[in-house]
Amino acid sequence: MVFHAVANLICVLLIFNQTPAADSLFPVEKYNYEPAGRRDPFVPLLGLELGGGKTGHLSPENLRLIGILWGDRGYYALVKDGQDNGYILKRGDRVAGGHVSEINNQAIVFEIMHAGVVTKYELRLQEGKERR
């Protein structure tokens with residue numbers, strides 16, 4: 001009887017000594033994704049009917065607004081994608097999942113349709129930001 005009690009006590013001590021720390025029981029890999037200027041990793045590369053010519057593949061989340069031009073024919077937005085390729089967009093141009101709905105002297109607005117819901121996405125000019 002004493003032998004069983006001692007054996008149980010030894011087993012309990014071994015179990016509690018082997019318990020991992022709370023943060024290592026389920027290790028979580030921490031990763032910070034900086035989406036500025038990069039392609040959205042959740043948008044499939046193939047299988048989308050993009051249309052829209054040269055700008056149909058552009059995802060507004062991955063664009064940077066560089067400048068806005070205007071004249072007699074309206075507003076034009078100068079944007080760069082994540083690979084630093086430049087594009088000129090005007091109202092009505094198609095982009096991935098939507099189109100350019102508005103350009104004014106401060107911003108470009110996209111209307112993106114996803115799962116039947118239209119979302120407006122606005123890119124504003126960044127004043128005072130370092131230019132390359």
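Residues are numbered from 1 along each chain as its sequence is written, and side-chain values use heavy atoms, without hydrogens and water. In this predicted model, local features need pLDDT of at least 70, side-chain atom pairs count only at pLDDT 80 or more, and totals for chains, interfaces and linings use all residues.

**Exercise 1.** Find how many bridges join strand β1 to strand β2, and how many residues lie between them.

Solution. Strands are DSSP runs of E with at least two residues, numbered from the N terminus. Two strands pair if DSSP finds at least two bridges between them. Step one: β1 covers residues 64-71 and β2 covers residues 74-80. Step two: seven bridges join these antiparallel strands. Step three: Gly-71 has Gly-74 in β2 as its bridge partner. Step four: the two strands form a hairpin with two residues between them.

**Exercise 2.** Describe how β2 is joined to β3.

Solution. Step one: β3 spans residues 86-90 and runs antiparallel to β2, with five bridges joining them. Step two: the bridge partner of Lys-80 is Gly-86 in β3. Step three: this hairpin has five residues between its strands, and Asp-84 in the turn has a positive phi of about 65°.

**Exercise 3.** Decide whether Gly-56 is buried or exposed.

Solution. Step one: buried means under 20% relative accessible area, exposed over 50%, and partly exposed in between (1.4 Å probe, protein chains only). Step two: Gly-56 has a relative accessible area of 0%, so Gly-56 is buried. Step three: Gly-56 and Arg-94 are 38 residues apart in sequence, yet 5.3 Å apart in space, C-alpha to C-alpha.

How values were computed:
Helix = DSSP H or I, 4+ residues; strand = E, 2+ residues; numbered from the N terminus.
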